[in-house]
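Subject: Handing over a structure

Hi,

Here is the structure I promised to pass on to you. Have a look at it first, and then read on for what turned up in it.

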Amino acid sequence: MPKITEDIKLDFRDVLLCPKKSALKSRAEVDLTAEYKFKHSGKNYKGVPIIASNMDTIGTFEMARVLSKLGLLTAIHKFYSLDEWENFANQYPDSLVRVTATSGSSEEDYTKLCAILDRIKEIHFITLDVANGYTSQFLEFVTKVRNSYPNHVIIAGNVATPEITEELIHAGADLVKVGIGPGSVCTTRIKTGVGYPQLSAVLECAEAAHRVGGLIISDGGCTCPGDIVKALAAGADFVMTGAMLAGHDECGGETVIKSDGSKVKLFYGMASQTAMMKRYNGLADYRCAEGKTVEVPYRGPVYNTVLDLLGGMRSACTYVGCAGVAELLEKTTFVRCQQQANYVYGNKH
């Protein structure tokens, strides 16, 4: 008989953060940076715990140039050539401390990753990104990359349960990317029926990772700054987002002017038909598209959007009595709810 987990699993929309007495006089006093020491690489890092997703419309060099100045990381997508990487490194060397090079798990991916890392020594982060992080092959690949680059910080995923989170850390990952199907342009849960509510996934995987000295990244499901705060309060050490950064000048793809004069940019999942046609010459016969393509209203420079996001995080910390984001895990309390905001005018953001 199939096993059914009876306890309720929660998503970001199912909770609010309980306000508490605060000694802070102003939002300006809030420290949005956190400090880390990574288990395997031994490296130390300090920064704002937000990462731009390695989707090819989000994880661009242009995005990294802006976000690095604000203390955020960018997971650079895996489709840039070595020449493009070298050009970026030569022009913007200061940005390299806040980027991570992305790779899939194929031999071709590995060869390209090695070429980039061996040529550009200033890159300290590696993201090993697959849709399904549960395979033995992927665990072996993580160990292979760890053995090749013992001093680099390795991010690996995606998964959504504590047992495999621990296994990936034991295999050599410093951080595990948590999230199966929560993204706005991901259709995995619809096409396969597989997934795990994101807040509960973060709560459970964070506990497992921290128990063995590792860290996690909450990847997907955030629709507003408040969701990022909830993920951090649930135990995520970093939060990765794509949709919240979509539609900007720094995003990949052209800005399209529609017949009514409005401007849009395409945003799509990396398992979508659009991505498969663009990057892999089509969808293989044995698989289905697990992502969709949407038109996002053009939003101008990403800088202002990030400032608004960071402002929301500062405000949240003042409400819950935290001097900074590093205190969120210990000092916040979740409240279950059935509706988290008043949507009478339809604006959910």
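The accessible surface of the protein chain comes to about 16,700 Å², and carbon and sulfur atoms account for 50% of that; such areas come from the Shrake-Rupley method with a 1.4 Å probe, and for residues only the protein chains shown count as cover. Please keep in mind that this is a predicted model, where local features need pLDDT of at least 70 and side-chain atom pairs count only at pLDDT 80 or more, while totals for chains, interfaces and linings use all residues. Residues are numbered from 1 along each chain as its sequence is written, and side-chain values use heavy atoms, with hydrogens and water left out.

Now the overall build. The protein chain has eleven helices and 15 strands (DSSP runs, H or I of at least four residues for helices and E of at least two for strands, numbered from the N terminus). Its radius of gyration is 20 Å, close to the 20 Å that the globule rule gives for 349 residues, so the chain is as compact as a globular protein of that length. That radius is taken over C-alpha atoms, and the rule is 2.2 Å times the number of residues to the power 0.38. Of the 349 residues, 52% count as buried (under 20% relative accessible area; exposed is over 50% and partly exposed in between, with a 1.4 Å probe and protein chains only).

UniProt, in an unreviewed entry, places the feature "active site" at C186 and T188; its positions are given in the numbering used here, feature names are shortened, and annotations may be inferred rather than shown by experiment. C186 sits in the loop between β9 (175–178) and α6 (188–192) and is partly exposed, at 26% relative accessible area. T188 belongs to helix α6 and is buried, at 14%. Leaving aside neighbours within four places in sequence, C186 is in contact (heavy atoms within 4.5 Å) with G181, E290 and G291.

Finally, why is helix α5 (residues 162–171) described as largely enclosed by the rest of the structure? Seven of its ten residues are buried, among them P162, I164 and L168. The buried residues of α5 pack against α4 (136–148), β8 (153–159), β9, α7 (198–211) and β10 (215–219). After α5 comes G172, with a positive phi near 135 degrees.

Best wishes
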